[in-house]
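Student: Could you pick one part of this protein, take a close look at it with me, and then show me how to read other parts the same way? I am new to this, so please go step by step.

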Amino acid sequence: MKKKNFEVERSIFYPGAIILIAVILYGYAFNDHFNEVMSNLYYVVTDYPGWLIMLVTAALVFLVFAICFTPVGKQKVGGPDAKIKHSMFTWVAMVTCSGTATAVVFYAVGEPVSYFHNPPAWWGIEAGTMNTAVRALSQSVFHWGFTYYAMYAFWGFIAGYAVMNLKLPARPSSALYPVIQDRAFGLAGTIFDIIAMLALVGGLVTSLGLGVQQFASGLHYVFGIAPSNKVFVITLLLVIGSYTLSSGRGIAKGMAIISNINMYIYLFVIAFLYIVGDTVFEFKIMTQTIGEVITNFIPNITAADSFNVGNGWIANNTIFFVAWIMAYAPMVGLFQGKVAVGYTWRRFLLVNILSPGLFVLVWFVAFGGNAIHLDAFQGANLGAEIAEKGFPIANFALLNYLPLKSIMVPLVVAALFFGFITIADAMTGTLATMSIKNNTGDEAPVRMKAFWGILLGFDTFLCLFCLGTTGTMSLQFMSVVFGLPIFIYTCYALKGLGKICSGRMEAEYNAMSDKQREALSRGESPDDEDGGNDDSE
């Protein structure tokens, strides 16, 4: 089904694009004021409603597993006649790579090593001990693993079910249809879509900015090329061109192939690190980390630090990460629903949580576990080097102590490169789909994908070269700030969960006429197409 002509969804596309461009240009023109405003809003969001953010997150984690045992768990993504489009390996690769992006690569060594050498005060344990090592790894896995992907999976279910099974427009507001019915297509839904769009772009620009910095650090380690604006520009142009081209080729010919390549690189790097490192130590500490993740899950997900023992540590780490991830969740969820067509919703939820969650566990132990072992037992000084030079060099500092670094450093650089291509590819496609009318999850036009891809790259350019490091951080703060209303919308969407899981939503949809279902797919009230149905009066 080729769509040479398409109609722009003006109520979403124009406000979203204009507001985004205006925010970036305002930040450029009034850099200090922009940074100050975003910083203040960030601290308000992570401090005052931080307890609510953690409680909602805890509820989502338990709910996604509970949904598996409801009648809807047996239904297929896309409806009873839906056929599987992607193999299990390709599906898992796309889910893992589109969610992992640059963050897990960026933090793989730096986060656990920094916790190992400087544990948060509220842990109440001594730096550099075995207990600290295990806690450092488990905290990192908690931040980026199962909890992270449970939020994605929840939004993938409620938004994906609305779009893929009820054939509603492919935008986050469709998830509100079971709760507010036709109003999801009105002002309330439009506001939510624009907020989700702005939150996503803020987070993506930050991820691309961080990724480019780490990529440049890798080039410095491999070729001795010092990081500079010229290196940043060339890297960004290469990345923008790659993800725009990949997105334009569609999922099957673009992202699916890149995700498979990326996953093979990930698996090779993991195998290498477990083999050349102290293998027994890594498997032992991985086993302990699993236990620590389980036993500390409730304390971690309900941590609020009411006495401020950690001097803001919870707000600046756990709540910050959770809010940042929630900013992505509605849009990533839409993408995850699209690539899972043909599988059951039960399998969708379990695969989207367990597969990437286990990957993150193994990944952090491979990198962070190796780094901790080197510092604790072999006299390495990775902690001090990372503290001095920053997280972008952390992975390469580790590889510098291991054999075959001339091969492994380029591979990690390649993994990073493909990582931000996959997330940018997935999200430019989702943004493009939201921006056109009469689209329930099919591929968006290439022109619209190219627009969002280039705009993301332009924003990243401005942040890196005009706003500087503080500007990139302010965009990250902006994404976190928009994460709060998404949490509020999430609470509202929960009201429709029972209707979906019990099968009542499916029954209502099946009872509609073909004209009513067509109206829904256009984002219009089905009552307008009801003909003479008395129930509509």
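Tutor: Happy to! Let us begin with threonine 190, which touches Ser11 and Ile12 once residues up to four places away in sequence are set aside. Threonine 190 sits in helix α10, which covers residues 187-223. Is threonine 190 buried or exposed? Its relative accessibility is 14%, so threonine 190 counts as buried, the cut-off for that word being under 20%.

Before going on, keep in mind that you are looking at a predicted model. The mean pLDDT of the protein chain is 86, and 94% of its residues reach 70 or more. Among the elements, helix α13 (residues 279-295) has the highest mean pLDDT, 97, while helix α20 (residues 446-493) has the lowest, 77. Over residues 531-537 the pLDDT stays under 50, and the model has 2 contacts for that stretch beyond four places in sequence. Where pLDDT is low, the predicted coordinates should not be read in detail.

Which residues does isoleucine 301 contact, leaving aside its neighbours within four places in sequence? They are Met54, Thr57, Ala58, Val61, Phe142 and Thr147. Look also at leucine 55: along the chain, leucine 55 and isoleucine 301 are 246 residues apart, yet their C-alpha atoms are separated by 7.4 Å.

If you follow the chain onward, you reach aspartate 305, in the loop between α14 (297-301) and α15 (313-339). Aspartate 305 has a phi near 50 degrees, which is a positive value in a residue other than glycine. Leucine 404 is not a glycine either, and its phi is positive too, at about 60 degrees. You will find leucine 404 in the loop between α18 (394-399) and α19 (405-434). With a relative accessibility of 52%, leucine 404 counts as exposed, the cut-off for exposed being over 50%.

Next, a whole helix. Helix α11 runs over residues 229-248 and has 20 residues. From its first C-alpha to its last it reaches 28 Å, close to the 28 Å expected at 1.5 Å a residue. Its buried residues include Val231, Phe232, Thr235, Leu236, Val239, Ile240 and Tyr243. Just after α11 comes glycine 250, with a positive phi of about 90 degrees.

Helix α12 (residues 250-276) lets you see how helices meet. The axes of α12 and α13 come within 6 Å and cross at roughly 115 degrees. The two helices are therefore roughly perpendicular to each other. Where they meet, α12 brings Leu273, Tyr274 and Ile275, and α13 brings Thr279, Glu282, Phe283 and Met286.

Let us move on to helix α23 (residues 514-521), where Gln516, Ala519, Leu520 and Ser521 are buried. Among what covers these buried residues are α9 (177-180) and α22 (504-511). At 6% relative accessibility, proline 526 counts as buried. Beyond its neighbours within four places in sequence, proline 526 contacts Tyr177, Asp182, Met512, Gln516, Ala519 and Leu520. Its C-alpha is separated by 8.9 Å from that of serine 513, which lies 13 residues apart from it along the chain.

Finally, the cysteines. How many disulfides does the structure hold? It holds 0. For cysteine 68, the nearest cysteine sulfur belongs to cysteine 501 and is 9.6 Å away.

Technical notes:
Residues numbered from 1 in each chain as written. Predicted model: local features only at pLDDT ≥ 70, side-chain atom pairs only at ≥ 80, totals over all residues. Heavy atoms only, no water. pLDDT = per-residue confidence, 0-100. Helix = DSSP H or I, 4+ residues; strand = E, 2+ residues; numbered from the N terminus. Contact = heavy atoms within 4.5 Å. Expected span 1.5 Å × (residues − 1). Buried < 20%, exposed > 50% of the residue type's maximum accessible area, 1.4 Å probe, protein only. Disulfide = S-S within 2.5 Å. Axes fitted to C-alpha atoms, helices over the stretch in contact; angles between N-to-C directions. Parallel < 35°, antiparallel > 145°, perpendicular 65-115°, else oblique.
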